[in-house]
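These are my notebook entries on a structure that I looked up. I record below what I checked, entry by entry.

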Amino acid sequence: MDTVLKAELKKKAAKIRTSIIDEVYSAKSGHPGGSLSIADTLTYLYFAKMHVDPKNPKMADRDRFVLSKGHCAPALYAALSLRGFFDESELKKLRHIGAMLQGHPDMKHTPGVDMSTGSLGQGISAACGMALAGKIDSAGYKVYTVLGDGELEEGQVWEAAMFASHNKLDNLVAIIDNNGLQIDGKLSDVCSPMPITDKFAAFGWHVITMNAHDFDSIEKAFDEAEKIQYQPVAIVQTSVKGKGVSFMENNAGWHGKAPNAEQYEQALAEINAAL
Amino acid sequence: MADVIKKATRDSYGEALVEMGKVHDDLLVLVADLADATKVEGFKKAYPERFFDCGIAEANMMGIAAGLAASGKKVFASSFAMFAAGRAFEIVRNSIGYPHLPVKIGATHAGISVGEDGASHQCCEDIALMRTIPGMTVINPSDDIEAKAAVYAAMDIDGPVYIRFGRLAIPVINDFDGYKFEVGKGVTLKDGKDATIIASGLLVNEALEAAKALETDGINARVINIHTIKPIDRDIICKAAKETGLLITAEEHSVIGGLGSAVADVVTECCPVPVVKIGVNDEFGHSGPAPDLLKEFGLSAENIVKVTKEAVARK
């Protein structure tokens, strides 16, 4: 990747990470772990990849984004706000009474949110529907959807996986955030969906792997995805839950918990120090 | 006497979709491996490029429909009531209802009149489930004419719509002058002062038959067809409660959460009068020919007469 772009993306990712911490701290609840693990991918999508216009969020030929793992809304809101879809001041109102930003994405009220999600397994189906609409209209847009690895335990994901390959939805890219942890613990201890890559390949998808925290790897994966025809693409990203905040990293306990004041300060200091 | 024309509303649904396909060249139809049974086969043949079989995966089909609607598409999603409202409930609630996407759900094989397939397929809970979803319009047509009118009307509703169709051929009853289908508006089919029979779906014809029989016994019953369970016609129900003092509801659905519950919800607020509910009494059905099952479960003119007489006697 171009070094200037990479430096810029790193800065944006750090900003998104601090916003995630801010949001969850202000809300006193929410999901920091999985939000931090997708921060770099969302940075790349919103600042180097997707064709979107913050001034015209419903633009017909925009690329679509569906956060199938809707509980990681803090990451999406941080990216949307930084991209200019709405004012940054909304972030600190997340989950508050009367706030625009709901605990899980709400397409009716938040500019830039293409689909309401939160109940796992459903976003990918809606993303398939959007991709199918694109095919029917011979539109050039892409549909990106991010799923959790634990989310793959939902049967509906595999119904959608069948549908996407059957209908040759090559305008659909599903990113699987493989951080290995879910609320109840390690995926391997709860109900393992592994091997993820083999499963998507068996369902007829083109599978790409990437390091979720390395922009060179991210760029390479999305460049490859771009070239695939007649097949949907699954990008399985190896990520670190809680990435960027030492005490949250690889700790299922931070799946859905807000930091206290001391932890909040430490988290921000660590993210900024890494820049 | 002319022969009574009978037709299953699932057939009406299929025919209406073909007609709608002509008018709306962007109408899409989805099904979950039940193209022939849900009667969308005709649309498939007429417009194969606008027809998508999602396979035996109703949850995903509802999500696909949501994604299409979010992309500006007009879409009908078809399955049996059991799977459309039952299996896919949470997807209908969260992916369609919550974002208020204009997905139209065509649910066939509703109620006990599914017949031989038995309890696993006899959905008597769908109206209860669907009417709890905020913003969902729920329509239960009473015959061929009304079923088609409901499909046409649904296209103009800017929100999700659930329409319930049956497998059993039932008499055409709305072929009278002045019939007009309006979403959310009940239809008074016969006036009366002693009691009001409020019916929906295939029980409307039974209610009319019952009212005729009741006249010979000196009971003057009003008959109202409530095709739209949600939003329900409060005015027609409250007026009937005030003027007749007794309501008997009749539906091919559980007595829990369906038309009877919806009517009771209304009158407890505007004019509390007795509401006697005829429906499936919190039990599962079983296999058998549909006409026999309807009789057995009390979903017949005969039972409406009996229940109405008893209720009038208690007035």
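**Entry 1. Conventions.** I noted that this is a predicted model, in which local features need pLDDT of at least 70 and side-chain atom pairs count only at pLDDT 80 or more, while totals for chains, interfaces and linings use all residues. Residues are numbered from 1 along each chain as its sequence is written, chains are lettered from A and ligands numbered from 1 in the order in which they are written, and side-chain values use heavy atoms, with hydrogens and water left out.

**Entry 2. Where the two chains meet.**

Between chain B and chain A the count is one salt bridge. B:K73 forms a salt bridge with A:D137, and the closest N and O atoms are 2.5 Å apart.

Entry 3. Two packed helices are described by the angle between their axes and the distance between the axes. Axes are lines fitted to C-alpha atoms, for helices over the stretch in contact, with angles from 0 to 180 degrees between N-to-C directions.

In chain B, the axes of α1 (residues 9-23) and α7 (residues 144-154) come within 8 Å and cross at roughly 40°. I therefore recorded α1(B) and α7(B) as oblique to each other. Angles under 35 degrees count as roughly parallel, over 145 as roughly antiparallel, 65 to 115 as roughly perpendicular and the rest as oblique. The crossing of α1(B) and α7(B) is right-handed; a crossing is left-handed if the near helix is turned anticlockwise from the far one by less than a right angle, and right-handed if clockwise.

Which residues meet in this contact of α1(B) and α7(B)? Among them are B:E15, B:A16 and B:L17 in α1(B), and B:A147, B:K148 and B:V151 in α7(B). By class, the contact of α1(B) with α7(B) has seven nonpolar, two polar and four charged residues. Ala, Val, Leu, Ile, Met, Phe, Trp, Tyr, Cys and Pro count as nonpolar, Asp, Glu, Lys and Arg as charged, and the others, Gly among them, as polar.

Entry 4. Side chains of opposite charge can pair when their charged atoms come close. I found that B:K148 forms a salt bridge with B:E15, with the closest N and O atoms 2.9 Å apart. This pair links distant parts of the chain, since B:K148 is in helix α7 of chain B and B:E15 is in helix α1 of chain B, 133 residues apart. Over all chains, a search of the whole structure finds 31 salt bridges.

**Entry 5. Helices α1 and α4 of chain A.** Helix α1 (residues 3-27) of chain A packs with helix α4 (residues 73-83) of chain A at an angle of about 125°, their axes being 8 Å apart. The crossing of α1(A) with α4(A) is right-handed.

**Entry 6. Backbone details.** The peptide bond from A:M194 to A:P195 is cis, with omega near -5°. I located A:P195 in the loop between α7 (187-190) and α8 (196-202) of chain A. B:D33 has a positive phi of about 60° although it is not a glycine.

Terms used: Helix = DSSP H or I, 4+ residues; strand = E, 2+ residues; numbered from the N terminus. Contact = heavy atoms within 4.5 Å. Salt bridge = Lys/Arg side-chain N within 4 Å of Asp/Glu carboxyl O.
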